[in-house]
Amino acid sequence: ALLQGNLRHLDLSWNYLGGPCLRRVGEALGAGTKLTELSLAHNTMRARAVSKYPGSPTRGEAVGIEDFCEALAGATTLHTLDLTQCALGPDACLCLAEATV
């Protein structure tokens, strides 16, 4: 509900957000937000792998990043996403890249 208002910038950095929290942030993004800037910097997302990538050595261990990526694809007002020092693996980065193209 918070992200459905007039909020434009949200800084959730340094909050130890992991899988379930990341999933909720993704759900909020996909719910018709006006958010233009989101900082998730310095959160220990530790998204080790995304299950849709069959060659991944840790296949099936997605921890919310898939849901976040799906929601991110529909977040048309979001222009800035800060993921500095989030310990994202290559599969999570690929998922994010596909969602933002």
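The dialogue below goes from the chain as a whole to its helices and their contacts.

Guide: This is a predicted model, in which local features need pLDDT of at least 70 and side-chain atom pairs count only at pLDDT 80 or more, while totals for chains, interfaces and linings use all residues. Residues are numbered from 1 along each chain as its sequence is written, and side-chain values use heavy atoms, with hydrogens and water left out.

Visitor: How many helices and strands are in the protein chain?

Guide: Helices (H or I, at least four residues) and strands (E, at least two) are DSSP runs, numbered from the N terminus. Here the protein chain has three helices and three strands, in the order β-α-β-α-β-α from the N terminus on.

Visitor: Which residues of helix α3 are buried?

Guide: Buried means under 20% relative accessible area, exposed over 50%, and partly exposed in between (1.4 Å probe, protein chains only). In α3, residues 90–100, the buried ones are Asp91, Ala92, Cys95, Leu96 and Ala99. They lie on the same side of α3 because their arc around the axis is only 140°, taken from the directions from the helix axis to the C-beta atoms. Pro90 and Thr100 are exposed, on the face turned away from that buried side. In the protein chain, 38% of the 101 residues are buried.

Visitor: What covers the buried residues of α3?

Guide: Contact means heavy atoms within 4.5 Å. The cover includes α2 (65–73).

Visitor: At what angle do the axes of α2 and α3 cross?

Guide: Axes are lines fitted to C-alpha atoms, for helices over the stretch in contact, and angles run from 0 to 180 degrees between N-to-C directions. The axes of α2 and α3 cross at roughly 15° and come within 8 Å. The two helices are therefore roughly parallel, a term for angles under 35 degrees. Their contact is made by Ile65, Glu66, Phe68, Cys69, Leu72 and Ala73 of α2 with Ala92, Cys95, Leu96, Ala99 and Thr100 of α3. By class, nine of these residues are nonpolar (Ala, Val, Leu, Ile, Met, Phe, Trp, Tyr, Cys and Pro), one is charged (Asp, Glu, Lys and Arg) and one is polar (the others, Gly among them).

Visitor: Which residues make the contact of α1 and α2?

Guide: The axes of α1 (residues 19–29) and α2 come within 8 Å and cross at roughly 15°, so α1 is roughly parallel to α2. Leu22, Arg23, Val25, Gly26, Glu27 and Leu29 of α1 meet Ile65, Asp67, Phe68, Ala71 and Leu72 of α2. That contact has seven nonpolar, one polar and three charged residues.

Technical notes:
Angles under 35 degrees count as roughly parallel, over 145 as roughly antiparallel, 65 to 115 as roughly perpendicular and the rest as oblique.
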